[in-house]
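Trainee: I'm new to this one. Can we go through it together?

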Amino acid sequence: KIRLGFEDFISILCVQFGMLREMAVTLFEEFDTNKTGWVNLVDMCHKLSQTSKDQNILAMQEHALSAIFGLLDVDGSKDLDVAEFTEALGKLGIRRYDARSLFALLDTNRSNSVS
């Protein structure tokens, strides 16, 4: 499974996406439900797709998703194709196979793009 430790997670959200450290820490705590110090990216994407009742958490989730999407959408089309997705995750050290598997989970309507 694809997973990130605390420091990597914080670094990605703060350095690469410009999120405030406090927000990134709160999101990590939200995603690390079993308190192992690791966040599984598949579970994180699933959690992000759920609507939170806490407006602060919801705002942070939306901010994180917007920042991540903006970085991944290289051509500015407002859609991510599998090539953009796997290339961007590859830069984060995620294997191509794992990136494609994650993309398949996100592409629920099988359109070969996510938006």
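Trainee: What share of the protein's contacts between residues at least 6 apart in sequence join residues at least 24 apart?

Mentor: That's 46%, with contact meaning heavy atoms within 4.5 Å. Before we go on: this is a predicted model, where local features need pLDDT of at least 70, side-chain atom pairs count only at pLDDT 80 or more, and totals for chains, interfaces and linings use all residues. Residues are numbered from 1 along each chain as its sequence is written, and side-chain values use heavy atoms, with hydrogens and water left out.

Trainee: What makes Asp 107 a buried residue without a salt bridge?

Mentor: Buried means under 20% relative accessible area (1.4 Å probe, protein chains only), and Asp 107 counts as buried. A salt bridge needs a side-chain nitrogen of Lys or Arg within 4 Å of a carboxyl oxygen of Asp or Glu. The nearest side chain of opposite charge, Arg 110, is 5.2 Å away, so there is no salt bridge.

Trainee: What lies 2.8 Å from a polar atom of the Asp 107 side chain?

Mentor: The backbone nitrogen of Asn 112. Asp 107 also touches Ser 113 and Val 114, leaving aside residues up to four places away in sequence.

Trainee: Which residues of helix H2 are buried, and why do they line one face?

Mentor: In H2 (residues 21-31), they are Ala 24, Val 25, Leu 27, Phe 28 and Phe 31. Seen down the axis, the buried residues of H2 fall within an arc of 160°, so they line one face of the helix. The arc is taken from the directions from the helix axis to the C-beta atoms.

Terms used
Buried means under 20% relative accessible area, exposed over 50%, partly exposed in between (1.4 Å probe, protein chains only). Lys and Arg count as positive and Asp and Glu as negative; His and the chain ends are not counted. A polar contact is a pair of N or O atoms within 3.5 Å; within protein, one must be able to donate a hydrogen and the other to accept it, and residues adjacent in sequence count only if both atoms are side-chain atoms. Helices (H or I, at least four residues) and strands (E, at least two) are DSSP runs, numbered from the N terminus.
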